[in-house]
Amino acid sequence: MKTTTKGIRLMSVMLAFSLVFVTCNNPKAESLINESSYKIASPDYAVLAEKSLDLLASFEFDSFASMLADDIEYEFPDGKKISGKSALINYWANYKTISGIKSMNIVGANYLPIDVQIKPKGDIPAGIRVIVDFTNKLTFEKNEVLVKMNFSFHFNQEKMIDRITTYYDSSTIKNIHEH
């Protein structure tokens, strides 16, 4: 997928519209938005997120690893976390071997780079992140499945990915292994 400035601008307009819509329909939301400080980040981060996701999907683990900080934290939808670059790369290499996955294709991806300037509530760091909405076409030895996914890539000061948080229905993938 080629990320374009036009696509990022369109997503920026959609985000702004969403914030206005939420604010107009929820009096409490206005105070949340005014207290927070978010802005659109450089499209360069969307390009980096796209490249890293493409490398992961094509099982180019060494190249994928070159985009990660040593202290990367990868979080699955169930809350399970893998910490450290070598642990994450070992996980993916092992998953490829034991799962029987033949390919992953990223379909219809949208990349939104944002700069979270004030630390949000919870275990979410401030800073540059790219929110990605896409469908992952997973092909296994005997079956194929389409899974709607959302990833959040967080970048450190060196433009290395230091956190990936994933959101998707993992039961779809688990069910394919049971049949």
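Q: F59: buried, exposed or partly exposed?
A: F59 counts as buried, because its relative accessibility is 18%. Buried is under 20% relative accessible area, exposed is over 50%, and partly exposed is in between, with a 1.4 Å probe and protein chains only.

Q: What are the ground rules for these values?
A: This is a predicted model, in which local features need pLDDT of at least 70 and side-chain atom pairs count only at pLDDT 80 or more, while totals for chains, interfaces and linings use all residues. Residues are numbered from 1 along each chain as its sequence is written, and side-chain values use heavy atoms, with hydrogens and water left out.

Q: OK. Where does F59 lie?
A: In the loop between α3 (43-57) and α4 (61-65). Helices (H or I, at least four residues) and strands (E, at least two) are DSSP runs, numbered from the N terminus.

Q: And what is its phi?
A: F59 is not a glycine, yet its phi is positive, about 60°.

Q: What about K159, where is that one?
A: K159 sits in the loop between β6 (144-155) and β7 (161-168). The two strands form a hairpin with five residues between them, and K159 takes a positive phi near 65° there. K159 counts as partly exposed, because its relative accessibility is 37%.

Q: How many bridges do β6 and β7 have?
A: Seven, in the antiparallel sense. Two strands pair if DSSP finds at least two bridges between them. H154 stands opposite R163 in β7.

Q: Which way do β5 and β6 pair, parallel or antiparallel?
A: Antiparallel, over twelve bridges. K137 stands opposite L146 in β6, and the hairpin of β5 and β6 has three residues between the strands.

Q: Switching to the whole sheet, what is the strand order?
A: β1-β4-β5-β6-β7-β2-β3, an open sheet of seven strands with mixed pairing. β1 (38-40) and β3 (81-83) are at the edges with a single partner strand each, so one side of each has no neighbour in the sheet. Neighbouring strands are turned by 25° against each other on average, direction ignored.

Q: How does β1 join β4?
A: Through three bridges, with β1 and β4 (residues 101-116) running antiparallel. Y38 stands opposite V116 in β4.

Q: Which strands does α5 lie across?
A: Helix α5 (residues 85-99) lies across β2 (68-75), β3, β4 and β5, at about 55° to β2. Contact here means heavy atoms within 4.5 Å. Axes are lines fitted to C-alpha atoms, for helices over the stretch in contact, and angles run from 0 to 180 degrees between N-to-C directions.

Q: And α3, which strands?
A: α3 lies across β4, β5 (127-140), β6 and β7, running at about 160° to β4.
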